Amino acid sequence: MAKSIAEFEEETMAVETKEYRAEARFQRVSPQKARLVLELIKGRGVQEALETARFTKKRIAPVIHKLLTSAVDNAKYVSGEQGIDLDVDSLYVKQALANDGPRMKRIRPAPMGRAYRYQRRLSHIIVSVAERDGGSSQLVTRAEEPAAKPAKKTAAKKAAGKTAKKAPAKKPVAKKKSGK
C-alpha cells in the first residue's frame, strides 16, 4: 500500500531543527539595496553576522543589526519557554530575505509644466536563525572536492591534433584604381 504524504514527510524530516525568526516590515529601502547587506550575513554564525552588520556602511545595516539581535532574543525566549536547551554560540543565520512591500507613487516636476512619476519602494525584511548541528560555526563556502589528476593526452588525441591544419587566410582585396 502506498504511504500517505504525511507519513512520507515524517520520514524525510526525521531531524528537525527549530528556527527562530524576526521581521521588519515596511522599511523605507528598496529590496535590492537591503539584499546587498543580507547576502553578507547569510549562512554565517550569529556573532560574525552581527559584527558584519555593525560595520557595514549601508543605511539599512543598523536595521538589519537590530533585526538579527531581535531574532537571537526570540530564540532565547522561546527556548526558555519551551524548555529547550539552546546553545547561542551555535546559532547561524539560516535565512535572510528582503521581499517587496507596497510602493508609494510620487510625482517629480519636469520641464515645460509636465511631471514625471516615480515609485518609492518599501521592503519586508525577514531574518531567521537556527542551531547548527555539527558545532562548526564557520561559513561553508564550497564543498571540498578530491584533487583531480592532471589529464594526459592520449595517442589518438595527439594524432588528431597534428593532422588538423588551419585554413589558409584570405588575401586582402586590392583597391580598384580609377582611371582619369
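The structure is a predicted model, in which local features need pLDDT of at least 70 and side-chain atom pairs count only at pLDDT 80 or more, while totals for chains, interfaces and linings use all residues. Residues are numbered from 1 along each chain as its sequence is written, and side-chain values use heavy atoms, with hydrogens and water left out.

**The whole chain**

Helices (H or I, at least four residues) and strands (E, at least two) are DSSP runs numbered from the N terminus. Of the 180 residues in the protein, 26% are buried, where buried means under 20% relative accessible area, exposed means over 50%, and partly exposed lies in between (1.4 Å probe, protein chains only). Among contacts (heavy atoms within 4.5 Å) between residues at least 6 apart in sequence, 72% join residues at least 24 apart.

Next select helix H3, residues 46–54, and show the side chains of its buried residues, Val46, Ala49, Leu50 and Ala53. Seen down the axis of H3, these buried residues fall within an arc of 100°, so they line one face of the helix; the arc is that of the directions from the helix axis to the C-beta atoms. The elements that cover them include helix H2 (31–41), helix H4 (61–82), strand S2 (91–109) and strand S3 (115–131).

Where the two helices meet, Val46, Ala49, Leu50, Ala53 and Arg54 in H3 are in contact with Ala61, His65, Leu68, Thr69 and Val72 in H4.

**The nonpolar core**

A nonpolar core is a set of buried Ala, Val, Leu, Ile, Met, Phe, Trp, Tyr and Cys residues joined through side-chain atoms within 4.5 Å. In the largest one, which has 27 residues, select Leu38, Ile60, Leu68, Leu91, Ile125, Val127 and Val129, which touch the most other members. Strand S1 (19–27), H2, H3, H4, S2 and S3 each supply at least two residues of this core, and H4 gives the most, with 7 residues.

Centre the view on isoleucine 125, whose contacts, not counting residues up to four places away in sequence, include Ala22, Ala34, Leu38, Ile60, Leu67 and Leu97. Then move to alanine 75 in helix H4, which is buried, with a relative accessible area of 0%. Leaving aside neighbours within four places in sequence, alanine 75 is in contact with Tyr20, Leu86, Leu91 and Val129.

Most residues other than glycine have a negative phi. Select phenylalanine 26 in strand S1, which has a positive phi of about 55° although it is not a glycine, and which counts as partly exposed at 47% relative accessibility. Finish at methionine 112, in the loop between S2 and S3, where phi is positive at about 60° although the residue is not a glycine; methionine 112 is exposed, with a relative accessible area of 77%.
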